[in-house]
Amino acid sequence: MSQAKDHNNTALMEKIVSLCKRRGIIFQSSEIYGGLNGFWDYGPLGAELKRNLRDAWWRTMTREREDVVGLDATIIMHPSIWKASGHVDTFCDMMVDCKTCKGRFRADHIGGISCPQKPSKCVADCAGEKTEPRPFNLMFQTYVGPIISEENVAYLRPETAQAIFAQYKNVLDSSRVKVPFGICQIGKAFRNEITPRNYTFRSREFEQMELEFFIKPDEAIEIIHGVVAQWSEGADISEPRANWGWEMWHRYWVEERTRFYESIGLTRDHLDYHWQTPDELAHYARACVDILFKFPFGTEELEGIAARGDFDLSQHSDFVGKYQDFFDEELKAAAAKLTDEEKQVLMTKKLAEAEEKTRKLAAKDQREASEDEITGAKAKMQTWCERLFKGFYIPHVIEPSAGLDRLALAILCAAFQEEEKEDINGKKEMRTYLRFHPRVAPTKIGIYPLLKNKPELVAKAREVYRMLKSDLNCFYDETAAIGRRYARQDEVGTPFGVTIDFETLGENAPELLDTVTVRERDSGAQSRVPLSELRAFLLARMQ
Ligand code: GAP
């Protein structure tokens, strides 16, 4: 980024932060005590914005789909969940301390120390000598019950996803779902980030919106359908098909999630994609794409969509000693028709894969896999094949995982507009407004009597407010000149204003009795709408 562009983007971010504070969208948490780094509160308008985003996600991901159900799990769960998921042992950032300024930094943010997981992003820092990088677990720890002891340690969840895996069997047994299906959840997550930064972008407390979409392993598809539909450029991924393999599902979810962003006002131009390279991928992941948003401070991750194989459910199966699996009638029937030779071919292939994977994993630790490890992996795979032929498998997972706070920030950045305009005296002034999509705008309608000292206008405006408020979040405002009131609502992105004037009362032009002026935020265009049609007129424009 050139220095001038960098400067403009910093200035733009400062304007957005200032608007958010001034108009009650985002406040620093605990501000009266000096704030707490990495924690943010949402004011009256921010709370509405977040709620609208949350609702839009929930509606799109579950209510409008027959194949996804919801979950609302606790923040503190059994600590073994985090052992099984790998978070206790590996959910770490490498950090370094500066011996001079005593600052603590993520190793991958300091120039000169390279981290293979993340590209190096050099942060401003004193040139002091640094300690060797060491792991720092990002989970917040607490104790359950009155005794502070090792046995009572628990964690604030660092992601919502694990609750979905832990409740997979309960959902399966209590709902009419069959693989492929998904479970989604929205909720708080906590990470003790070493360097919270970029406003709310990397916080220590934030909300996630996650879907775990369970699919058949490709081997089951092959047995049932003879062939697995594989991804190739131009393949039709608009509607799910029974013979899709994991890659088709993964591509489908990338497209679905992009369509969701478009539906709430982020265009494809705002977004970018990062397909993780084999070096960046977690050992269990087959693919992972980050959907990025072009923030003023850089193009950064908004959502990750990972093909996680059967890693999580297998881990929980191993830890609880009970298969977190699915019985597939169709697979059982199709497998019964396989010849012994066909079964043997599949088994041989899978055993070879198990051996190769074990060797590769060991190689990552710069060692050779032992005979015991290889025998163990092959025995596990043999059981897996035998269970598959009986119709059982642990489903594979495609996981679209988004951050609600990051989305709110992206929506704010995309909506922020400044344009020069002339006031009624021809004087140039800067107009600032938020061009929110009506679906997510915190306030949908401003309602204004033209004058506050005319009781008939005020009474009529109040009547309009009462008529609309149960369907649309309205803001009633009778203070200041009408132009000023419009500007105030434009600044917080209210898409429509309804003005009750003398024509509404039948004065001046009797044919305009019981009509109001509807003003559109972006263009300023005004139209006259009969009161009897107003509700339907506005509701139609919220879509
Ligand atoms: N279950 C997978 C998972 O948690 P992740 O990439 O670590 O994956 C998913 O997180 C999303 O959660 C990110 O794309 C981001 O939107 C959001 N997120 C993660 N850490 C965050 C933080 N410290 N502050 C705000 N949002 C965060």
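**Domains, cores and a helix pair**

1. The domain assignment divides the chain into four entries: domain 1 (1-77 + 140-328 + 396-432), domain 2 (92-137), domain 3 (336-390) and domain 4 (443-539). Note that the model is predicted.

2. Between domain 1 and domain 4, the centres, taken over C-alpha atoms, are 37 Å apart. Where these domains touch, domain 1 supplies 8 residues and domain 4 supplies 11 residues.

3. The largest nonpolar core comprises 65 residues, and Tyr261 and Leu266 have the most contacts inside it. The element that gives the most to this core is helix α13 (residues 404-415), with 10 residues. A separate core of 45 residues lies apart from it; Val153, Val179, Phe326 and Tyr393 are among its members.

4. What does Leu266 touch beyond its neighbours within four places in sequence? Its contacts there are Tyr261, Leu271, Phe293, Leu302, Leu407, Ala410, Ile411 and Ala414. As background, nonpolar side chains in soluble globular proteins tend to be buried together.

5. Helix α7 (residues 218-225) packs with helix α12 (residues 371-389) at an angle of about 35°, and 11 Å separate their axes. The crossing of this pair, α7 and α12, is right-handed.

6. On the α7 side of that packing, the residues are Glu219, Ala220 and Ile223; they meet Trp384, Leu388 and Phe389 of α12. Sorted by class, the α7 and α12 contact holds 5 nonpolar residues, 1 charged residue and no polar ones.

How values were computed. Residues numbered from 1 in each chain as written. Predicted model: local features only at pLDDT ≥ 70, side-chain atom pairs only at ≥ 80, totals over all residues. Heavy atoms only, no water. Core = buried A, V, L, I, M, F, W, Y, C linked by side-chain atoms within 4.5 Å. Buried < 20%, exposed > 50% of the residue type's maximum accessible area, 1.4 Å probe, protein only. Helix = DSSP H or I, 4+ residues; strand = E, 2+ residues; numbered from the N terminus. Contact = heavy atoms within 4.5 Å. Axes fitted to C-alpha atoms, helices over the stretch in contact; angles between N-to-C directions. Left-handed = near helix turned anticlockwise from the far one by under 90°. Nonpolar A, V, L, I, M, F, W, Y, C, P; charged D, E, K, R; others polar. Domains from an automatic or database assignment.
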